[in-house]
Amino acid sequence: MSKSNLPVILLKNLVLFPLGDARIELNNNITKKIMDISRDYFDNKVLIVTPLNDLEEVPDTNDLPKVGVVANIVSRIDLPNGNTRIVLNGLNRVRVLKYMYYLNNKDILESEVITFPEVQYNEIEETALLRKLLETLETYISVNPFLSNAVLNKIKGINDLDKLTDIVCNFVNFSTPKKLKLVVEPNRINRAKRLITELNIELAILNLENKIENDLKADLDEMQKEMLLKEKIKIIKKELGEVDNKSLYIDKVNRVINNRHIPIGIKERLKNEIYKYESTLETSPELAVIKSYIDYLLSIPFGKITKDETDLNKVSESLNKTHYGLDEVKTRILEYVAVETNKESNNPIICLVGPPGVGKTTLAESIANSLNKKFVKISLGGLNDPAELLGHRKTYIGSAPGKIITSLIKSNVMNPVILLDEIDKMSKDYKGDPVNALLDILDSKQNKDFVDNYIEEKIDLSNVTWILTANDKSSIPMVLQDRLDIIELNSYLDYEKISIAKDYLISNSLKKNGVTINITFTNKAILKLTQDYTKESGVRELDRLINRIIRKVVTEHKLKNIELTDLVITPSLVREYIGVEKYSNNMKLGTSTIGYVKGLAYTPYGGETLEIEVTGYAGKESFFTSGHLGETLKESIMVSLGYIKSNKDLFKINDEMFNSTLHINFREGGIPKEGPSAGAIITTALLSYLLKKEVPSTISASGEITLLGDILPVGGIREKSVAAIKDGITKVYVSVLNKRDVEYLDKEIKDKIKFVFVKNYMEIYNDIFGGDNNGRNRKNEND
């Protein structure tokens with residue numbers, strides 16, 4: 001047995017077996033990226049997994065099969081329409097030990113797998129099953145007109161039951177659930193038995209289908225006679241007071257139309273559709289299409305409205321019960337409720353922007369509950385087809401309404417709270433741009449006449465309360481931002497995580513796990529969890545760890561037959577239940593080194609520290625960069641070098657230092673880095689190397705630098721400050737124009753970090769390297 005890691009591809013409605021091939025056309029950028037990762041780092045190997053539930057848009061890793069097939073990417077062709085066609089060749093089954101995210105990328109799954117051990121089976125039983133399988137397969141091929149004799153040539157001479165079952169499974173046309181049961185079965189004896197059983201079932205079905213087909217052919221001449229008789233029977237039943245199913249359905253629809261507050265235009269459309277349904281023969285395939293359309297129209301909850309909660313105190317109490325802090329968004333909701341009685345006011349379109357785990361989705365649900373509204377979530381991550389929102393036209397086979405109409409049907413009211421999750425992760429391609437569809441949906445002056453492509457009638461969306469979420473504000477199109485009330489949710493500080501854990505997470509976990517005793521966590525225990533076992537802006541991983549500890553406590557007591565009693569979790573118990581710490585405050589280089597500095601970055605997932613190192617060697621280039629840097633960041637390096645070279649006399653740098661190649665490296669090269677805010681700290685790293693002076697590891701800077709040395713303001717000050725505290729940085733230089741941002745920071749942050757406000761880089765140089773250039777602006781510090 002051997003362990004290995006492989007990237008994961010989820011194939012819905014398609015099962016790949018070992019020794020089989022699959023040809024797939026990709027139009028998803030995430031899957032294409034997985035292909036690139038497999039090519040660059042995994043020798044074109046991937047793990048193919050078919051989700052057990054193909055209806056889930058984003059399957060939970062806990063619900064994925066624990067057995068997958070290792071496949072080799074045989075070929076890859078980029079097509080003119082932007083799609084990529086690949087050919088996969090199944091190699092062998094493996095057991096999946098665990099699924100995880102690849103380099104913390106929530107869109108890409110990675111797996112840790114292990115091969116199955118060799119098992120000795122009864123040779124006589126294997127031989128008997130092999131012969132029985134071949135016999136059953138030959139019979140099946142002779143009856144099934146859609147399966148060629150090619151499979152017999154493929155298995156000719158194969159006496160290995162394991163290989164034989166997999167080859168046969170690749171050829172037979174079983175349903176996906178049946179194939180799933182076969183592919184996840186590592187025992188070849190059990191797999192062969194199941195395969196023989198399924199082939200016999202298919203044989204019985206085929207025999208029955210052949211009998212039906214023969215009967216139909218025999219009765220073909222009497223078809224017209226039968227139709228005439230049916231019409232006569234219908235008249236006779238009517239005379240006798242009996243009705244058929246078609247008539248019953250029409251009567252039911254008419255009763256619903258008369259008893260519901262349905263708009264006049266929809267009523268007229270329904271009457272027309274009923275007439276078409278009534279005049280269509282029961283044998284016509286068009287009948288099912290018409291019936292499906294009528295059912296969808298009647299499923300829309302016209303006239304159904306829930307009464308909103310208007311008591312401000314109750315709304316405030318409900319919001320505070322489920323979420324800590326978030327005062328700005330809570331105030332915005334209370335303002336909306338306060339003016340709700342004003343008929344001229346429109347529902348706000350709130351967009352919650354913040355790192356993962358800070359509670360955006362749960363807050364949206366809490367808002368719906370506090371307002372006594374129904375809640376529906378629509379995931380937009382990876383959506384690239386406007387038809388997913390606007391519906392498909394009825395001319396297409398299997399067409400249906402879009403996600404907006406189906407959300408109304410699901411909520412069963414016309415005024416729900418609809419959450420549009422991850423709007424910053426939508427994409428556009430040849431199918432269209434979903435953003436344009438959202439503009440009409442969210443515009444309060446247009447959405448009262450929203451038209452779904454399938455429904456083809458005006459639907460009033462003006463009573464819907466829209467809440468959107470995103471991780472990165474800059475990724476939201478400007479035309480969409482203009483219509484949104486954007487509220488930024490910041491990363492949580494340690495003291496906030498302690499309060500959230502004590503007030504919400506622990507009690508929820510006890511309730512979820514059915515624990516009636518009182519299990520409490522000390523502040524130090526929670527702090528240990530946040531600092532040594534998690535590295536996140538929110539509390540999602542912290543919640544998982546608390547759940548894990550509580551489950552460990554329950555399991556331990558049940559194994560020892562000890563009655564559960566009240567328990568206090570301390571830091572030592574945390575280590576006992578979870579194991580060795582994953583992170584540490586001094587995991588990064590904590591000592592001062594020439595040419596080494598710590599920078600600060602703001603990402604959609606919160607603040608991060610960047611380790612920058614500079615060295616020099618003989619070479620033709622003036623400088624060289626590494627670390628997966630973007631164009632803007634490379635330009636910042638060029639500006640820093642230009643500034644240093646133009647002021648080399650002030651910095652007392654010998655010209656010979658510029659004759660060698662300067663190598664600027666950002667550590668953790670697998671992570672892309674971009675933005676201009678590292679200019680000040682890059683300049684500091686370069687000067688540290690050129691002057692051969694160390695920069696204390698407790699110092700950092702954040703600001704864009706110009707060729708004249710001016711330090712410009714940057715964003716994400718709070719997120720960067722949180723990252724600085726976690727990495728032991730106690731002093732940060734920022735632009736004097738960021739002073740207002742610093743003033744709004746929590747007192748806990750300002751107590752741990754000394755912010756130095758500067759106008760020009762020379763002030764940083766004088767402070768760090770002990771320069772004596774008094775002609776520049778004096779520095780300002782927050783004491």
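Student: Let me start with strand 9. Which residues lie on one side and which on the other, and are they buried or exposed?

Tutor: Here is the general idea: in a regular strand, side chains alternate between the two faces of the sheet. In strand 9, Val-417, Leu-419 and Asp-421 take one side while Ile-418 and Leu-420 take the other, and all of them are buried. "Buried" means under 20% relative accessible area, "exposed" means over 50%, and "partly exposed" is in between, using a 1.4 Å probe and protein chains only.

Student: Before we go on, what am I looking at?

Tutor: This is a predicted model, in which local features need pLDDT of at least 70 and side-chain atom pairs count only at pLDDT 80 or more, while totals for chains, interfaces and linings use all residues. Residues are numbered from 1 along each chain as its sequence is written, and side-chain values use heavy atoms, with hydrogens and water left out.

Student: How many helices and strands does the protein chain have?

Tutor: There are 28 helices and 25 strands. Both are DSSP runs numbered from the N terminus: helices are H or I with at least four residues, and strands are E with at least two. Of the 783 residues in the protein chain, 45% count as buried. The C-alpha trace spans about 110 × 75 × 65 Å along its principal axes.

Student: Which strand runs parallel to strand 9, joined to it by 5 bridges?

Tutor: The general idea is that strands of a sheet pair through backbone hydrogen bonds, either parallel or antiparallel. Two strands count as paired if DSSP finds at least two bridges between them. Strand 8 (residues 375-379) is the one joined to strand 9 by 5 bridges, in parallel, and Ser-379 stands opposite Asp-421. Strand 9 also runs parallel to strand 12, with 4 bridges; there Leu-420 faces Leu-468.

Student: Why is strand 7 described as largely enclosed by the rest of the structure?

Tutor: Strand 7 (residues 349-353) has 5 of its 5 residues buried, so it is largely enclosed by the rest of the structure. Its side chains point both ways: Ile-349, Cys-351 and Val-353 go one way, Ile-350 and Leu-352 the other, and all are buried. Strand 7 pairs in the parallel sense with strand 12 (residues 465-470) over 5 bridges, where Leu-352 stands opposite Thr-469. With strand 13 (residues 485-488), strand 7 is also parallel, joined by 4 bridges; here Cys-351 is opposite Ile-486.

Student: What is the order of the open sheet of 4 strands?

Tutor: The order is 16-17-19-18, and the pairing is mixed. Strand 16 (596-603) and strand 18 (623-626) are the edge strands, each pairing on one side only. On average, neighbouring strands of this sheet are turned by 25 degrees against each other, direction ignored. Strand 18 runs parallel to strand 19 (residues 661-666), with 4 bridges between them, and Ser-626 has Asn-665 as its bridge partner in strand 19.

Student: Which helix packs on the sheet, touching strand 16, strand 17 and strand 19?

Tutor: That is helix 24 (residues 679-691), whose direction makes about 30 degrees with that of strand 17 (606-617). To read the angles: axes are lines fitted to C-alpha atoms, for helices over the stretch in contact, and angles run from 0 to 180 degrees between N-to-C directions. Helix 22 (residues 631-646) lies across strand 18 and strand 19, at about 150 degrees to strand 18.

Student: With which residues is Ser-688 in contact, leaving aside its neighbours within four places in sequence?

Tutor: "Contact" means heavy atoms within 4.5 Å. Ser-688 sits in helix 24, and the residues it contacts include Thr-593, Tyr-596, Val-695 and Phe-769. Ser-688 counts as buried because its relative accessibility is 0%.

Student: Where is His-628 found?

Tutor: His-628 is in the loop between strand 18 and helix 22. Its phi is positive, about 60 degrees, although it is not a glycine. With a relative accessible area of 46%, His-628 is partly exposed. Leu-19 is another residue other than glycine with a positive phi, near 70 degrees. Leu-19 lies in the loop between strand 1 (3-10) and strand 2 (21-26), and is partly exposed at 38% relative accessible area.
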